[in-house]
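Let's take a tour of this protein model, stopping at its core, its helix packing and its charged pairs. Have a look at it first.

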Amino acid sequence: MITQTEVDGVPTLLAPNPNGPLIAGLTFRVGQADETLARAGITHLLEHLALHQFGLTDYHYNGSTGAVVTHFHTQGSPEKVTAFVNGVCAALGNLPMDRLDMEKGILRTERGSRVPGYGEPLAVWRHGAIGYGLPGHPEFGLRSVGPDDLRAWAARYFTRDNAVLWIAGDAVPAGLRLDLPGGTRQPVPPAWSALPETPAYFCGGASRIVAFDAVVRRSVAAGIYTAVLEREFFRALRQEDGLSYMATATYSPRGDDHAMVTAAADALPDKHGAVLGGFVDVLAKLRVGRIEQADLDTVCAATEETYSRADFDAARLPGAALNHLTGQPNLSTDEMRAELKAVTLADIHAVAVEAAGTALLMVPGSRGAEWAGFAAAPTHSTSAVTGRRAASRTAGDGTGLVIGPYGVTLDQPGAPVTVEYANCAALLVWPDGGRQLIGADALFVPVEPTMYGVTAADVAAIDNIVPADRHVPMPARDPESIPVPPAEQAVVPKGLRLPRWYEALGLLFFGILALPLLLLIVVQGILIVTGDADDPDSWLFMGVLLGLTAGVAWPIVALLRRLRRPLRR
């Protein structure tokens, strides 16, 4: 069982780890959800700086920054565990700021080499650009966070009152000290949704994954529902229809009274529709209560088996630390068994209904999901600001930027996008004058002087109104990457592009052929009027001249008009 003691004022959780190594972790109640978009990455950066001193040690150690907690953990001999934990505490009080730029570069490389998963877009579409949505956004803070910011962050969050030590072993190693400053236990950030209604869906673009997540109340029944859901997905999409290789579902406590249920299945491009249909069918099947008792019995038996493992309590120490830091109960194994035994099909059905009501679905490509009862997640705003309108520099575009005292609106026909200054999560600032406002709902408005009639005064007004701690200085852009209006160029039908020398050649042909014919027409007309050429052949000759002139001049004039009338690409 898990027991609790204390080391230097820090709650310490202990659990035996038979036949396993000594493992220890120091967990703080701070994560990505505590940051702002403009300072995103500060916790991750601090974690890297605190671990730098250990370099190429001969024992395993690591750190991780999650949504609401940050872990430092290691395994090895008691002496090595003591050296690690003591060293982390010392580093948190005296971060190696000489490594700041180096670690920022490492983190940018890490982010750039990471293959995006389905969790990031789900987080952004559900939670926007604040709180639990931040794991899906770039770590913009790496561009502006300085030594003072890091010291203030450490003083607020990395304290003994905001920490839990956990040890998979029989006792606290001798000499282990937690030399941390005093502070305050930090509450879990509130969850905010960018979705006006659920169930909802969004298009995953080039992703080959069908995925969904849902918010449910924390319970043993919710965990069992997730395992039943995974069995249904695997059976329907892989075993029976052979549509997916991966069909998985996970249950993750969020830190408050709720948890996230996340599921995903992969698909080849020509199977997107079939996988989406099968995915939705499984969710609907559980929602209406078509749950097999055999599945429930199998999942409960497998869960009971994990409870019986000798290292079960040791394995759940990180979760127990999260519960302790967030004020959630840590049940004993016997209490968990009793709750597991009490789970019924009706309980699983109730969770399925709850999950269906809060579901967010990611569909591959540009497919819709209205047919399945999912509303499209918003891609534009429901209101616009008033102010000065800067028209688009693209002829006939019909869009513009409205820059007002309370925000900026990208005024598009039928689909305005507005970011109010009060809800601006970040303002990206480029040296060339370009700006981008990102709202709390993750919608963004680009302010590009090259694309709209934006003045230097407009840009200065935006910079002055948006608080300085929301500014994100961006590196200078390659001139080729600065957006410009589409170049207007002359084109002719069927994709044929004529060079300018065709125009000169047309004029030359007009001069050589059409002008002499016109001269002959004038001379012949004079002869007919004066009576010097009044026979029928003269009139026939005149008709021939007029026909030839029209035949030569008309295509040349048409060509010149085409060249003089540019068409937008």
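Is Asp432 buried, partly exposed or exposed? At 36% relative accessibility, Asp432 counts as partly exposed. (Buried means under 20% relative accessible area, exposed over 50%, and partly exposed in between, using a 1.4 Å probe and protein chains only.)

## Before we dig in

This is a predicted model: local features need pLDDT of at least 70, side-chain atom pairs count only at pLDDT 80 or more, and totals for chains, interfaces and linings use all residues. Residues are numbered from 1 along each chain as its sequence is written, and side-chain values use heavy atoms, leaving out hydrogens and water.

## The nonpolar cores

A nonpolar core is a set of buried Ala, Val, Leu, Ile, Met, Phe, Trp, Tyr and Cys residues joined through side-chain atoms within 4.5 Å. The largest one here has 47 residues, and Phe212, Ile224, Tyr225 and Leu361 are among those with the most contacts inside it. Helix α6 (residues 220-240) gives the most to this core, with 10 residues. (Helices are DSSP runs of H or I with at least four residues, strands are E runs of at least two, and both are numbered from the N terminus.)

There's also a second, separate core of 41 residues, which includes Leu46, Val81, Leu92 and Leu142.

## Helix against helix

Back to α6: its axis and that of helix α12 (residues 345-357) come within 9 Å and cross at roughly 80 degrees. That makes α6 roughly perpendicular to α12. (Axes are lines fitted to C-alpha atoms, for helices over the stretch in contact, and angles run from 0 to 180 degrees between N-to-C directions; under 35 degrees is roughly parallel, over 145 roughly antiparallel, 65 to 115 roughly perpendicular, and the rest oblique.)

On the α6 side, the contact (heavy atoms within 4.5 Å) is made by Ala221, Ala222, Ile224 and Tyr225.

## Charged partners

The structure holds 20 salt bridges, each a side-chain nitrogen of Lys or Arg within 4 Å of a carboxyl oxygen of Asp or Glu. In one of them, Asp295 meets Arg235 at 2.6 Å, N to O. Asp295 lies in helix α8 and Arg235 in α6, so the pair ties together parts that are 60 residues apart in sequence. Asp295 is buried at 3% relative accessibility, while Arg235 is partly exposed at 23%.

Arg477 is buried, with a relative accessible area of 18%.
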